[in-house]
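Subject: Structure for your review

Dear colleague,

Please find below the structure that I am handing over to you. My findings follow it, beginning with a single residue and ending with the overall fold.

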Amino acid sequence: MAELKELLEIEDLNEVWETSREKPVLLFKQSTTCPISAEAFAEFQRFLEDNNEDIGAFYVKVRETRPVSDQIAEHLGIRHQSPQAFVVKNKEAVWNASHTKITEDSIKEALQNA
């Protein structure tokens, strides 16, 4: 299982971008007050628990660390939503989904196609 790391500072994003040069990165943005976000995060975590691929895994709590969330949207050029999941390769999003489209199966499929 990939180690899931929380992003707390904008500088933490450097690890995301650099890791994405070596292997696919899963990046998740969540709201800690939204039940849809909680369910999507549970799907994200189930995927990580059942997966043995060499990937990076990171998440950000959008309300608590808004500057990090905003920087992700700016860097990837994808409008912010929450919850939102990305597969990042070579510092670019090759897949993203939001809300109920974030499922264990959709993440698995996105990584296979990345």
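His 99 has a relative accessible area of 30% and is therefore partly exposed, since that class lies between the limits of 20% for buried and 50% for exposed residues. Please note that this is a predicted model. His 99 sits in the loop between β5 and α4, and its phi is near 50 degrees, a positive value in a residue other than glycine.

Backbone points to check

Most residues other than glycine have a negative phi, and most peptide bonds are trans. Besides His 99, the following places deserve a look.

- Asn 90, which is not a glycine, also has a positive phi of about 50 degrees. Asn 90 belongs to the loop between β4 and β5, and the hairpin of these two strands has two residues between them. With a relative accessible area of 51%, Asn 90 is exposed.
- The peptide bond from Ser 82 to Pro 83 is cis, its omega being near 0 degrees. Pro 83 is found in the loop between α3 and β4.

The sheet

Five strands form an open sheet in the order β1-β3-β2-β4-β5, and the pairing is mixed. The edges are taken by β1 and β5 (92-98); each has a single partner strand, so one side of each is left without a neighbour in the sheet. From one strand to the next, the twist averages 20 degrees.

The individual pairings are as follows. β2 and β3 run parallel and are joined by six bridges, whereas β2 and β4 are antiparallel, with five bridges. Phe 28 takes part in both pairings: its bridge partner in β3 is Tyr 59, and its bridge partner in β4 is Ala 85. β4 and β5 are antiparallel as well, with six bridges between them; here Gln 84 has Ser 98 of β5 as its bridge partner. Five of the six residues of β4 are buried, so this strand is largely enclosed by the rest of the structure.

The helices

Which residues of α2 are buried? They are Ser 37, Ala 40, Phe 41, Glu 43, Phe 44, Phe 47 and Leu 48. Seen down the axis of α2, these residues fall within an arc of 155 degrees, so they line one face of the helix. Pro 35, Glu 49 and Asp 50 are exposed on the other side of α2. The cover over the buried residues of α2 includes the strands β1 (4-6), β2 (25-30) and β3 (56-61), together with the helix α4 (104-113).

Helix α3 (residues 66-76) lies across β2, β3, β4 (84-89) and β5, and runs at about 130 degrees to β2. Arg 66 is part of α3 and counts as partly exposed, with a relative accessibility of 36%. Between the C-alpha atoms of Arg 66 and Phe 44 the separation is 20 Å, the two residues being 22 residues apart along the chain. Helix α4 lies across β2, β4 and β5, and its direction is at about 160 degrees to β5.

The protein as a whole

In total there are four helices and five strands. Starting at the N terminus, the order of elements is β-α-β-α-β-α-β-β-α. The radius of gyration is 12 Å, close to the 13 Å that the globule rule gives for 114 residues, so the protein is as compact as a globular protein of that length. Along the principal axes, the C-alpha atoms fill a box of roughly 30 × 30 × 25 Å.

Of the 114 residues, 46% are buried. Among the contacts with a separation of 6 or more, 65% are between residues 24 or more positions apart.

Yours sincerely

Technical notes. Residues are numbered from 1 along each chain as its sequence is written. This is a predicted model: local features need pLDDT of at least 70, side-chain atom pairs count only at pLDDT 80 or more; totals for chains, interfaces and linings use all residues. Side-chain values use heavy atoms; hydrogens and water are left out. Buried means under 20% relative accessible area, exposed over 50%, partly exposed in between (1.4 Å probe, protein chains only). The arc is that of the directions from the helix axis to the C-beta atoms. Contact means heavy atoms within 4.5 Å. Two strands pair if DSSP finds at least two bridges between them. Axes are lines fitted to C-alpha atoms, for helices over the stretch in contact, and angles run from 0 to 180 degrees between N-to-C directions. The radius of gyration is taken over C-alpha atoms; the globule rule is 2.2 Å times the number of residues to the power 0.38.
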